[in-house]
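I opened this notebook to keep track of what I looked up, one topic at a time. The entries are written for someone who has not seen this structure before.

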Amino acid sequence: MTAPFWTPPPEKYAGRLPGKADLVVIGGGIAGTSLLWHLARRRIDAVLLERHHIAWGASGRNAGFLLAGVASSYAEAVKAYGRQKAREVWEITNENHDRMIEAARGQDVGHRRRGTAVLPASEEERALLIESEQLLQEDGFIARWDGTRLINPRDGEIDPSAMVAALARQASAGAIREGVNVTSLTARRHGVTVTSGEDMCEAGVVILAINAYTPQLVPSVKIQPIRAQMAATAPESKSVFDMPVYSNFGYRYWRQLASGEVLIGGWRDTSLETEKTYDDEPTPEIQEHLDRAVSELGVKSEVTHRWAGTMGFTESGLPMAGPLDGMPNVYICAGFTGHGMGFAFMTAKGVAESI
Ligand SMILES: Cc1cc2nc3c(=O)[nH]c(=O)nc-3n(C[C@H](O)[C@H](O)[C@H](O)COP(=O)(O)OP(=O)(O)OC[C@H]3O[C@@H](n4cnc5c(N)ncnc54)[C@H](O)[C@@H]3O)c2cc1C
């Protein structure tokens, strides 16, 4: 069936646009619910507006990998951002993993920390991973090249929809309002007018947590929507791989749940242009690649779910966090470039603290 594998959060948070609010968060994914969580700890009253339901976007459709760093290897990140910045990015994503799981406060979010294996798909990638092992170890991170793959023992995996639900459950009554589609923002020196159809809200501050959808509200923001596709199988009785696998510069990834299902995603590199879209339907072309890969991995169970989601890519590959240029009282927490589960909780902390 063409639906995400993950069960949507069971709670319903139906609501309306309030007439007035000190702070409005727009978007009910991992970024928005993390923002609400951090703002509550700072005793800042906030209202979260979500046009569908929480975890409707990429946060309820992803692979649930909790990886350190960005899509590229540490060696590439060092070249792109410099050694110091790359180290900071790896540190903050490691911290994101720990702090986000703590914030779930014992609720079952499917968390396992078995590590991840980065499997090279070419000689070039192999050389970068071997170099990454050396650089990571020099910078104090745990990583091991085992002769065929780079093992990152600290990495983990979760049920991303359950994670969003776990954060949302801790919000105060009435703070989350589903079914509110924000149609425009007018930023002024003393506040922001938020519009949803005929309704209007005078907000002190607005934080945009709508990732790929940011340009739909603020066209000047340079975030590119990119579709990513996945498939999941029925439970496989045997264990097929020992830990989640990430390969071909992040374009291919698969994992097996404790209950046996195999989740596989990626292959966007076979059709880069068609995947630059807001259309969140899976396509036969990419799904055929996923079917072939499932069979090549020796998985016998049938595919039960096929789906797609929309990621938001920035030019730098790093998230956008903080005040938005030219729009007083509007902040952004978005552009996770396919790694929001690994970044958003700590990015949200930084944005909440800057307000
Ligand atoms: C197939 C796939 C696999 C992925 N795998 C991984 C992975 O393994 N690990 C990882 O770290 N990341 C992964 N990602 C990326 C990750 O899912 C995203 O980076 C992350 O979920 C972004 O979270 P978000 O809260 O910023 O955005 P979203 O989850 O997209 O949430 C944005 C929300 O804003 C709402 N919204 C939009 N516009 C409006 C509006 N005008 N008014 C009100 N509400 C609005 C939407 O309905 C949506 O619910 C993957 C993504 C996909 C698609």
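My entries on this structure follow, topic by topic.

**Ground rules.** I noted that this is a predicted model, in which local features need pLDDT of at least 70 and side-chain atom pairs count only at pLDDT 80 or more, while totals for chains, interfaces and linings use all residues. I number residues from 1 along each chain, as its sequence is written.

**Domains.** I looked up how the chain is divided, and found domain 1 (20-61 + 162-222 + 317-353) and domain 2 (113-155 + 223-313), with bounds that come from an automatic or database domain assignment. The C-alpha centres of domain 1 and domain 2 lie 28 Å apart. I then checked where they touch, taking two residues as in contact if their C-beta atoms, placed from the backbone, lie within 7 Å: 14 residues of domain 1 are in contact with 10 residues of domain 2. The side of domain 1 that touches domain 2 has, by class, 6 nonpolar, 6 polar and 2 charged residues; here Ala, Val, Leu, Ile, Met, Phe, Trp, Tyr, Cys and Pro count as nonpolar, Asp, Glu, Lys and Arg as charged, and the others, Gly among them, as polar.

**The core.** Which residues have the most contacts inside the largest nonpolar core? I found Val24, Leu35, Val206, Ile207, Ala209 and Cys333, in a core of 105 residues. Such a core is a set of buried Ala, Val, Leu, Ile, Met, Phe, Trp, Tyr and Cys residues joined through C-beta atoms within 7 Å, and a residue is buried if 20 or more other C-beta atoms lie within 10 Å of its own, exposed if 12 or fewer, and partly exposed in between, with C-beta atoms placed from the backbone. Helix H8 (residues 340-353) gives the most to this core, with 8 residues; helices (H or I, at least four residues) and strands (E, at least two) are DSSP runs, numbered from the N terminus. Because domain 1 and domain 2 both give residues to this core, it lies between them.

**Strands.** I took two strands as paired if DSSP finds at least two bridges between them. An open sheet of 8 strands, with mixed pairing, has the order S5-S6-S4-S13-S14-S15-S12-S16, and its edge strands are strand S5 (144-145) and S16, each of which pairs on one side only. Within it, strand S14 (residues 252-256) and strand S15 (residues 262-266) run antiparallel and are joined by 5 bridges, with Gly265 in S15 as the bridge partner of Tyr253. Elsewhere I looked at strand S11 (residues 199-208), which pairs with strand S1 (residues 20-26) in the parallel sense over 6 bridges, and with strand S10 (residues 191-196) in the antiparallel sense over 5 bridges. S10 and S11 form a hairpin with 2 residues between them, and Gly197 in the turn has a positive phi of about 60°.

**Helix H5.** Is helix H5 (residues 160-168) enclosed or open? I found 9 of its 9 residues buried, so H5 is largely enclosed by the rest of the structure. Its buried residues pack against H1, helix H3 (83-103), strand S8 (176-178) and H8.

**Two single residues.** Ala143 lies in the loop between helix H4 (123-138) and S5, and is buried, with 23 other C-beta atoms within 10 Å. Arg188, by contrast, has its place in strand S9 (residues 184-188) and counts as exposed, with 11 C-beta neighbours inside 10 Å. Arg188 and Met327 are 139 residues apart in sequence, yet 7.5 Å apart in space, C-alpha to C-alpha.
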